[in-house]
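Colleague: I'm new to reading protein models. Could you walk me through this one, feature by feature?

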Amino acid sequence: MNDMCYTSIVSFLFSLFFAFDKPETRGQQMLKSALLIFTINTIVSTLVFAETSLSPTPMDELDYTQPLLSGNYNPDITTPSSVLGFPVGRKTASPAQIVDFITHASSQSDRAMLVEYARSHEDRPLYYVVISSADNLARLDSIKAGVQRLSDPRGLSADDASVLINDLPAIAWMAYSIHGNETSGADSALATIYHLLASTDEDIVSLLDRSIVIIDPSQNPDGRARFIKAVEELRGLTPSVDNQSMLHTQYWPGGRYNHYLFDLNRDFIHGVHPETRGRVRAINEWHPQLVIDGHEMGSLSTYHFSPPRQPINAHLPPALARWGLAFAKDQARAFDQRGWPYFNGENYDDLYPGYTTYSQYRGALNILYEQARIAEDGVRRRGGIITTYQESVHHQLVSTLTNLQTLAEQSKNLYRDYVADRRFVLSSRSPYADRNFVILPTDNHSRLQSFVDTMELQGFELYSANQDISVSNALTQLGSTIDKSTIPKGSIVLPNRQPEARLLATMLEFETTITPATLLKERQSILRGEGSLMYDVTAWNITMLHGLEAWTVSGDLGNRLDPYRAVSSESGLSDVDHSIGWVVNGNDDHSVGFAARGMELGLKLRVINKSAELDGKTYPRGSVVVTRNDNSSYSGDLAGTVGALARELELTAQGFASGTGPGDLPDVGGRYFVPLEPPRIAIITQGGMSPLDVGATWHTVDKYLGIRHSQLDQSRLGSFDLRRYNVLVMPDSRSARLTDKTIRKLAGWVENGGTLIAVGRSAAALSAVEWKFTAVRQIADTFEARDKYDLALQREWLADQDAVGNLPQVWANVAPEDVSYPWQTSAKKTDKTALKKQDDWQKMFMPSGVLLSARSNHDHWLTYGTGAVLPVLFGNAPVLMTDSKSETAVRLGVLTQIDANRWKDIKTQMVKDKTARKIGWSSLPDEHELTLRMSGLLWPEAAQRLANAAYLTREAKGNGQVILFADTPAFRGSTLGTNRLLLNALVYGPALGADHPIVP
């Protein structure tokens, strides 16, 4: 601020102050006081600014002298600096500045077409820019039609394919900065766009004659905006080159994630977010030959580009490995010419298909860029060298232009390989030729529709069975084979033999294939203490994540299938004469949203805690009931409100005229129709909480419930009035910072009627022995009392059996001398030292992400809407143990019957060896074995550790309850099966678990 400006402001403020020399009203007196305070603050802050407005001492290493761009340019095209106000790479361009530049530049060139393909959660536009010659842009519809014909060569002759290949230009999709704090990619995109639009040099003119370049400059504008805000707040007088500075590390949650704190780079096979759904539609529409994804990594590293290391997904087109090496060779040469360091084939694998790498299964070559992350300014690397932000932008720019040139030169050969692979996967010789994925019917319509939406987003061909179909050797999700079975009419069928066979296979195949050589390296790495080689989860089957039962079936189902059409059902009110109420089917996940939103609208609702029948229609437990009697004081149109709410959620509210349940089925006025209590939810956030799980919980509440809730700062939890809430959620944490004061406050709140839900490491923190907060324990704290937990497990098993036991003894008049007790057949007790040694060894092998089977307690309200077998995604999470003081709603592993002949052999061997059967810490019931792994990598040591462990527990505490999840139930917004458990806990907890709800 210059002296003249400062003097003018102060003079103006003093003139306003003295205008009220003789105040006549209290309002004038208050305004005069406010002006005086503001004037003093202005003077002080200006003086402080003047005291600190020293110029930074020189640091020549921050002056990047290499020009990013060179050549001849059309002066009519807007330069980036004229819009940004600084040269590209000098600072980080904001989302608004990026949009301003691409809008201006695109409107000035006949080489560009600007397309808005999505809006972010915060309503920021996402654009891609199509750049090519004017002639190519004039025939885009023809080009799209041509590449579409190549993508599905059924009926396409070799001659016609050759003509198309010769006519089609190369197509590249260049995407940047999907993580908002990895900014250099988006800034390099601005330089690339300008260079391609404005350059008059022959190499660029020729490139655009032969290519269509689609640039998606900023894939996560919400995260980028959050990152830039933090940079502005943390910037000091002098540039910071210390990578430990908060300027470079940022504060919680950082800019990496989108609005809901999701990692968008894991969402491409799930399509949870609008940014992803728009992007996937666009990529699939264009069928690009090349997809690049510009990222950043640790700031002290250098630069990485593809190809990746093992493990590599078995469903990738084989030719892409060869092309990856060819592109990498040219990229390496470009870096060598400039003396820039780089590496590949080290840190990043290619197993999980949910990155932008999903496009590889559709035939595109995907190249990952990973630039050492620099938040503006620069970073002093090992050896003292400073790498500037502008240089990092330059690295991304050179990589981009080099890959585009290679693509233009090799495009025809890439097309030929593409068509050849498409013909192969559609042929009878392909491994996909004789396989169908079958999703069995369910009345969880909203969840099934979510699955269908995911399949249709990828352009898969879906069918439905138009009749019951008898099949042999159907493979189930548990890995067993059914000799003879029937596909019910209405089942959804996806034949694997279709153009997108490779992507379909990796999304729906039950098994994940990892080569023996890679498994050996993985195990060696673990044993050397270097950790797992797996960069992400090793299981992602979409049917399992959705909690939908599915089979894999061989054979041609032919004319017994019709193209899939969604079954239209009348949503809203289905009333009857003289109705006394309405029921919403509790198997549908949206029924929980109906309950939550209905209560927020002032409706009095009930949930059925046992299967019921009303007016001849059956309803599962968890169904939601609205009665006229409960809502006699409701001032609005009750039927209209119920109908509108049902239509909004695509549900049917079925009317009933009688509240009588036939036989021993419950009646509307009985104890099984439980009145609900409106949930008042708060999510504990910031501090040590995991941004990913905070975001997943927040997203679940917004998407599935849509009700008001609060987020509470963990560090201030001790000062808040928790009586305002009856549900508190502690998401998974990086480090749950629990103090004695916090524990006492939470305990008092729970005992007064609160429902506390804790996840993962937060659940583990609450289960710590020293807090005595819950009876649930981590496995390492149970060595001295392992028998107690084994006995509780056997009680659960026996309580679930249909047989009474020894009936003659029950009715005998003489007291029996010999009674069978569970502990008599239990495995031999292992001493504490041996158990600890075993556990220390086993936990080295915990999974990075595997799908496990779990059994649901269908007498428990937390399992409404779940099947008997529940697929659970489990990582390196706490292993929770329960005794008889806690309820286990979901437990890992499904007990399955052993074949009679095999059981006979097992029992003979047991008698011979004088041993009892056990797995890990737990005994096994006779004639049964535990099926645990469904999909993904699970080492035997980890399987023993996890077998029969608790996944979801509930424990009464005073008038309230504590609900613990061993691992996150809403992982990436994709685990709809376990997400239902969380919804039940959030909405039904205050009524079904808390005796006296808290009154604020």
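Modeller: Let's start with a term we'll need a lot: buried means under 20% relative accessible area, exposed means over 50%, and partly exposed is in between (1.4 Å probe, protein chains only). Also, this is a predicted model: local features need pLDDT of at least 70, side-chain atom pairs count only at pLDDT 80 or more, and totals for chains, interfaces and linings use all residues. Residues are numbered from 1 along each chain as its sequence is written, and side-chain values use heavy atoms, with hydrogens and water left out.

Colleague: What share of the 1000 residues is buried?

Modeller: Buried residues make up 56% of the protein chain.

Colleague: And how do I read the overall size?

Modeller: Take the radius of gyration over C-alpha atoms; the globule rule is 2.2 Å times the number of residues to the power 0.38. With 1000 residues, a compact globule would come out near 30 Å, and the protein chain has 32 Å, which agrees. Along its principal axes, the C-alpha trace spans about 105 × 95 × 70 Å.

Colleague: How many helices and strands does the protein chain have?

Modeller: Helices (H or I, at least four residues) and strands (E, at least two) are DSSP runs, numbered from the N terminus. Here you get 29 helices and 42 strands.

Colleague: Next, salt bridges. How many does a search of the whole structure find?

Modeller: A salt bridge is a side-chain nitrogen of Lys or Arg within 4 Å of a carboxyl oxygen of Asp or Glu. The search finds 43 of them. Take glutamate 509 and arginine 435: their closest N and O atoms are 2.7 Å apart. That pair links distant parts of the chain, 74 residues apart, with glutamate 509 in the loop between helix 16 (501–508) and helix 17 (516–527) and arginine 435 in strand 12 (residues 435–439).

Colleague: Are those two buried or exposed?

Modeller: Glutamate 509 counts as buried because its relative accessibility is 16%, and arginine 435 counts as buried at 16% too.

Colleague: Can you show me another pair?

Modeller: Arginine 954 forms a salt bridge with glutamate 887, with closest N and O atoms 3.0 Å apart. Arginine 954 lies in strand 41 (residues 950–957) and glutamate 887 in strand 35 (residues 887–892), so the pair ties together parts that are 67 residues apart in sequence. Arginine 954 is buried at 9% relative accessibility, while glutamate 887 is partly exposed, with 33%.

Colleague: Which residues are linked in a network of salt bridges?

Modeller: Glu182, Arg256, Asp263, Arg266, Asp536 and Arg972 are.

Colleague: What about charges on the surface?

Modeller: Those can form patches, made of residues with over 30% relative accessible area and no salt bridge: like charges are joined within 9 Å, nonpolar side chains (Val, Leu, Ile, Met, Phe, Trp, Tyr) within 5 Å. In this model, Asp135, Glu202, Asp203 and Asp209 form a negative patch. Helix 9 (residues 202–210) gives the most to that patch, with three residues. Aspartate 203 sits in helix 9 and counts as partly exposed, at 43% relative accessibility.

Colleague: Where is lysine 772 found?

Modeller: Lysine 772 is in the loop between helix 23 (761–766) and strand 31 (777–778). At 69% relative accessibility, lysine 772 counts as exposed. Lysine 772 and isoleucine 743 are 29 residues apart in sequence and 9.6 Å apart in space, C-alpha to C-alpha.

Technical notes
Accessible areas come from the Shrake-Rupley method with a 1.4 Å probe; for residues, only the protein chains shown count as cover. Lys and Arg count as positive and Asp and Glu as negative; His and the chain ends are not counted. The place of a charge is taken as NZ of Lys, CZ of Arg, CG of Asp or CD of Glu.
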